[in-house]
Amino acid sequence: MLYWNWRMLKLIYNIKKIIIFCLLSAFLTGCSQSNSIKEPQTTINEKTMQLVQEAEEKKLSELYDWDKAKILLDWNYPNFGYGLIQQNKYYVFYPDDGNKIVRINKSDGEKKVIYNSKFNKELDLHYCLADDRLYIEDFGNIYSCDFEGNNTSKIISRKKLKRQVVAIKGNGWRTGGAECLYFYKNDLYFISYFYMWKLDLSTKKVSKISKYATFGGCFCDNALFYTDFSRRGAFKTDISTGKSTPVLRTNKNSDNPKYYEGITESDGKIYYIQLQTVKKPVLYMYRDGKDDKKICDFNVPSAAVCSVKCDSGKIILECGPFEDSDYIVITYDVKSASTKKIEMPKNFYAAVYAPDDMLFYAVDGKNDEYLSYLCYD
């Protein structure tokens, strides 16, 4: 009897070993198959990332044949750290012929129209990028869509937007409606009749952000910095409270008054150009509560400087005409502390926008409704 019990226990033990062996084999086989399934996906991801990395190493001028782009002249767009051409890690966007938004894939240069105007109008589209979508102004209405051009939705109608703006400032709205769009800290900002407005995307409520009319400025930390085109100086508005305070004052009664242009942001710091009639323009870094830091002298007389613009860390001085030459444009990149002097062609009219290694400018004469460009790096 004892012998029989011992034989039964040994049999059960052997059966358990067989079962465990089979389960272990099945588990290892499953892991092997799982790995073989995942390998192609890993390869695809690595290939995609390689293409993106290669695209990041390319200059903007190399990513697309810009002769094919029809970018209408829009004087309202430059400044505030944005421009007609906007980009993220994967795509470049630009407005084409005034009624389309085009997306260029950085990995292969593929062009895709992701938005067509919903209205038959002569007014330009305006747009800006958020982390995962575009916001588009179309005839005063504001829409959003994803980077594929899908999931389009209306954020606010022209009628509702105009009603709120006019209620705050009677002359704050004109035919063009919202003339620029900017996305910053989860809210949407726009310019209407030279004033900056904030649209709370949660409540759809509008508030006026700039105390004075402006042509240019930038966002930094929790504030909007901007210059007043009546030349009172430069101002800062807290975007949460709406409180506005002067940061730079113009002394118009002086024999040689100081003026401030080209205010821009780079790496969390504010830069601006100081102009004086008998001195050369100077680039400063703004420091709250301290004397501002002098960064660079520009070797041109202030009297020859026609205009100054800024594009997210790029200062653009348009100078001339000179006695011995036509216009030149000087660009200063505050991130790299590099200066470029560019001699402009005979048909040059005005510098507009300088993204990366390109300069887009308005021309005088044939095709003057479209921007021309040149590569300077």
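Which residue in S22 is the bridge partner of valine 305? I opened my notebook with that. I am working from a predicted model.

**Entry 1: strand S22 and its neighbours**

I looked up valine 305 first. Its bridge partner in S22 is cysteine 319. Then I looked at the two strands around this pair. S21 covers residues 305–310, and S22 covers residues 314–319. I found them paired in the antiparallel sense, over five bridges.

I followed the chain from S21 into S22. The two strands make a hairpin, with three residues between them.

Strand S23, residues 328–333, is joined to S22 by six bridges. These two strands also run antiparallel.

Is S22 mostly covered or mostly open? I checked, and it is mostly covered, with six of its six residues buried. I sorted the side chains by direction. Lys314, Ile316 and Glu318 point one way from the strand. Ile315, Leu317 and Cys319 point the other way. Both groups are buried.

**Entry 2: cysteines**

How many disulfides does the model have? I counted zero. A disulfide is a covalent bond between the sulfur atoms of two cysteines. The cut-off for a disulfide is 2.5 Å between the sulfur atoms.

Cysteine 306 has a relative accessible area of 43%, so I wrote it down as partly exposed. Cysteine 145 has 1%, so I wrote it down as buried.

**Entry 3: aspartate 108**

I moved on to a loop. Aspartate 108 lies between strand S3 (100–105) and strand S4 (111–116). Is aspartate 108 buried or exposed? Its relative accessibility is 52%, so it counts as exposed. The cut-off for exposed is over 50%.

I looked for what the side chain of aspartate 108 reaches. I found the backbone nitrogen of glutamate 110, at 3.0 Å. I also checked leucine 63, which is 45 residues away along the chain. The C-alpha atoms of leucine 63 and aspartate 108 are separated by 8.2 Å.

**Entry 4: asparagine 141**

I found asparagine 141 in strand S7, residues 141–145. Its relative accessible area is 6%, so it is buried. What does asparagine 141 touch? Leaving out residues up to four places away in sequence, I listed Phe119, Ile136, Lys154, Ile156, Ser157 and Arg158. I looked again at arginine 158. Its backbone nitrogen lies 2.8 Å from a polar atom of the asparagine 141 side chain.

**Entry 5: a four-strand sheet**

My last stop was an open sheet of four strands. Their order is S9-S10-S11-S12, and the pairing is antiparallel. Which are the edge strands? They are S9 (180–184) and S12 (206–208), and each pairs on one side only. From one strand to the next, the twist averages 30°.

Strand S11, residues 195–199, is joined to S12 by three bridges. Lysine 198 stands opposite serine 207 in S12. Helix H3, residues 158–168, packs on the sheet. I saw it touching S10, S11 and S12. The direction of H3 makes about 35° with that of S12.

Technical notes:
Residues are numbered from 1 along each chain as its sequence is written. This is a predicted model: local features need pLDDT of at least 70, side-chain atom pairs count only at pLDDT 80 or more; totals for chains, interfaces and linings use all residues. Side-chain values use heavy atoms; hydrogens and water are left out. Buried means under 20% relative accessible area, exposed over 50%, partly exposed in between (1.4 Å probe, protein chains only). Two strands pair if DSSP finds at least two bridges between them. A polar contact is a pair of N or O atoms within 3.5 Å; within protein, one must be able to donate a hydrogen and the other to accept it, and residues adjacent in sequence count only if both atoms are side-chain atoms. Axes are lines fitted to C-alpha atoms, for helices over the stretch in contact, and angles run from 0 to 180 degrees between N-to-C directions. Contact means heavy atoms within 4.5 Å.
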